[in-house]
Amino acid sequence: MRLLEKDTIVAISTPPGESGIGIIRMSGNKAIEIAQKVFRDKNLKERKIVDYSTHTAHYGFIIDPENKKIIDEIILILMKKPYSYTREDMIEFNCHGGILILKKVIELLLKCGARLANPGEFTKRAFLNGRIDLSQAEAIIDLIQAKTERSLQSSLTQLEGRLKEKITKLKEILIEILAEIEANIDFPDQDIRELNVDKLSRRIKNILEEVNSLLNTFTYGKIIREGINVVIIGKTNVGKSSLFNALLKENRAIVTPLPGTTRDALEELITLQGIAFRIIDTAGIKNPENQIEEISLRKMKSLLDKADLILAMFDISAQFSQEDEEIIQEINKAIEKNKKVLIIENKIDLERKMEKERLFSDLKIKESIRTSVKERLGINKLEKEMVKIVFKGIITPHNGITINNIRQKEALQKAKKALEFSLRGIKKNIPYDLLYIDLREALDFLGEITGEQINEEIVENIFSRFCIGK
Ligand SMILES: Nc1nc2c(ncn2[C@@H]2O[C@H](COP(=O)(O)OP(=O)(O)OP(=O)(O)O)[C@@H](O)[C@H]2O)c(=O)[nH]1
Ligand SMILES: [Mg+2]
C-alpha cells in the first residue's frame with residue numbers, strides 16, 4: 001500500500017479551549033530531531049533526547065531556537081519506536097492548556113520540519129505499521145465516541161483484537177483448505193491425493209456457521225453503539241411531554257393542560273441498563289392552528305420513519321376520537337415496517353372513558369402498559385419493557401465479540417455468499433480450480449475485515465472519521 005508516509009506529523013491531542021494541560025503529539029522519523037531543536041532542560045541546557053530511555057518524562061522548556069525565547073514550561077515524554085502508539089518515534093509535549101500557547105508550540109514545530117497531522121493520522125500509522133488491524137482502528141473511534149458502558153465494553157473487546165483473532169482463525173482454516181485443493185490441482189493424479197469431499201464440505205460449513213453467528217451480532221452491536229431512537233406519539237394532551245420528562249427525570253419539556261403545547265420535537269438521551277435511548281417528544285397529532293398542524297404532522301411522520309421504537313400514548317380518561325384513530329393507523333403502518341411499538345394507556349388515575357374494545361379493535365397489538373404519568377405509576381414497568389422489546393429476537397453475543405459497523409457486515413456477507421457458492425459447487429462436482437477461486441474469494445473478503453485486503457479509499461474513509469490528534 002502506498003499510503004505510508006515518511007514525514008513527521010504533529011497535532012494538538014487535547015480538546016480545544018482552556019484547560020490545565022494541553023498535549024501536543026509528534027510522530028515520525030524526525031520527531032526526536034525536531035524536539036531536540038526546541039527542548040531545553042530545567043536549567044535551560046540543551047540535552048540529547050535520543051540518549052533518554054524510552055517512555056520517560058522530562059521536565060523542561062520549549063524555546064524558540066531563533067531568538068532563544070521561552071515559549072512554555074513543559075514535560076516531554078519520549079516513546080521510541082517501535083514501542084509507541086504509531087510504532088514510530090513519538091514525542092508528547094505536556095504544555096500548559098490554552099489555545100494560544102499550544103498554537104505557538106505547534107507553529108514552532110512546523111517551522112522545525114513537522115507537518116500538521118490529518119484526522120486519525122496517528123491511528124492510521126498504527127494500522128499501516130501493523131500495530132493494530134482495521135477492526136481495532138474502528139474500535140478506537142467507537143471507544144472515543146462511546147456514550148454508554150455497554151458500547152465502551154464492546155469497543156474495548158474489539159480493541160483487544162478479539163474480532164481480529166476470530167477472523168484470523170477462520171482464515172487459517174480456509175488457507176489450509178486452499179492448500180489442499182491447490183495440491184490437488186498441481187498433482188491431479190487421483191491415486192496420490194484425493195480430496196475427501198464430505199470432509200471438505202463439513203469444514204466449509206463450520207466456517208460458514210461461524211460467519212453467520214458473527215453476522216447475527218450486528219444488530220446487537222448497532223444497538224449498543226448507536227442507541228435506540230424512541231418516538232413518543234399520541235394526540236394532543238395525552239401526556240407525551242409529561243412522559244418525556246418522567247423518562248428524563250427532569251422537567252425538560254413544557255407541560256400544560258392546553259392542547260398543542262409542544263410545537264417542535266424535543267430530543268434527549270437516556271440510558272437504561274447500559275443502552276442509550278434517544279427519546280423524542282413530538283407535537284400532538286391535532287394542533288389548534290392548522291398550518292402548524294400540517295408541518296408538525298409531516299415532521300411526526302418523518303420522525304416515525306427514523307424511529308426504532310414507538311411509544312404510542314392514549315388518554316383513557318377521554319373518549320376515543322378521530323385523532324386516536326389516526327394514531328392507530330400510524331402504529332399499524334409502523335408495525336408493517338417492522339418497527340417496535342409499545343402501547344401506553346395513560347391517565348389511569350382518572351375515570352376511564354375510553355372503551356378498551358374500541359381502542360384495540362383496529363390495533364395490531366393487543367397488549368398495553370397502563371400508566372399514570374402524573375402519579376408516577378407504571379413508569380418503571382415501561383422502562384423495563386423498553387429494554388425487553390429492544391432485545392426481543394436479538395442475539396446477544398456470548399463471547400462479547402460483535403460486528404460493529406456496516407463495512408464489517410458487508411465484508412462478512414460477501415464472504416458468506418462465496419462460502420455458500422463453494423458449497424453448492426462441491427455438490428455439483430465443479431472442478432477444483434473453480435472451487436479454489438470461490439474459496440479464495442471468501443478468504444479475501446474475510447481479509448477485508450482486518451484490513452489486509454482493502455483499498456486505499458476505504459482506509460481513507462475510516463480514518464477521516466477520527467478527530468485530529470488521534
Ligand atoms: N390526571 C392525569 N393528568 C395527566 C397525566 N399525564 C399528563 N397529565 C396532564 O395532561 C396535561 C397534558 O400533558 P402534556 O404532557 O403536556 O401532554 P402532551 O401530550 O405533551 O400535549 P401536547 O404537547 O399539547 O400535544 C397536563 O396538564 C398534564 O399534567 C396523568 O397520568 N394523569
Ligand atoms: Mg407536549
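1. Helices in this note are DSSP runs of H or I with at least four residues, numbered from the N terminus. In this predicted model, Asn206 has its place in helix H7, which covers residues 197-216.

2. Asn206 has a relative accessible area of 46% and is therefore partly exposed, since that class lies between buried, under 20%, and exposed, over 50%. Tyr52 stands 154 residues from Asn206 in sequence, and their C-alpha atoms are 52 Å apart in space.

3. The domain assignment divides the protein chain into domain 1 (9-133), domain 2 (137-217 + 401-451) and domain 3 (231-391). Taken over C-alpha atoms, the centres of domain 2 and domain 3 are separated by 44 Å.

4. Ligand 1 is surrounded by 23 residues, of which the closest are Ser242, Gly260, Thr261, Thr262 and Asp349. By class, the shell around ligand 1 holds seven nonpolar, twelve polar and four charged residues, and helix H9 (residues 240-248) gives the most to this shell, with three residues.

5. Polar contacts to oxygen atoms of ligand 1 come from both backbone and side chains: a polar backbone atom of Asn237 is 3.0 Å from one such oxygen atom, an N or O atom in the side chain of Ser242 lies 2.5 Å from an oxygen atom of the ligand, and for a polar side-chain atom of Asn346 the distance to a ligand oxygen atom is 3.1 Å. Ligand 1 taken alone exposes 650 Å², and the protein buries 90% of that area.

Terms used. Residues numbered from 1 in each chain as written. Chains lettered and ligands numbered in written order. Predicted model: local features only at pLDDT ≥ 70, side-chain atom pairs only at ≥ 80, totals over all residues. Heavy atoms only, no water. Domains from an automatic or database assignment. Near = heavy atom within 4 Å. Polar contact = N/O pair within 3.5 Å; in protein donor to acceptor, adjacent residues only side chain to side chain. Areas by Shrake-Rupley, 256 points an atom, 1.4 Å probe, with all protein chains shown as cover. Helix = DSSP H or I, 4+ residues; strand = E, 2+ residues; numbered from the N terminus. Nonpolar A, V, L, I, M, F, W, Y, C, P; charged D, E, K, R; others polar. Buried < 20%, exposed > 50% of the residue type's maximum accessible area, 1.4 Å probe, protein only.
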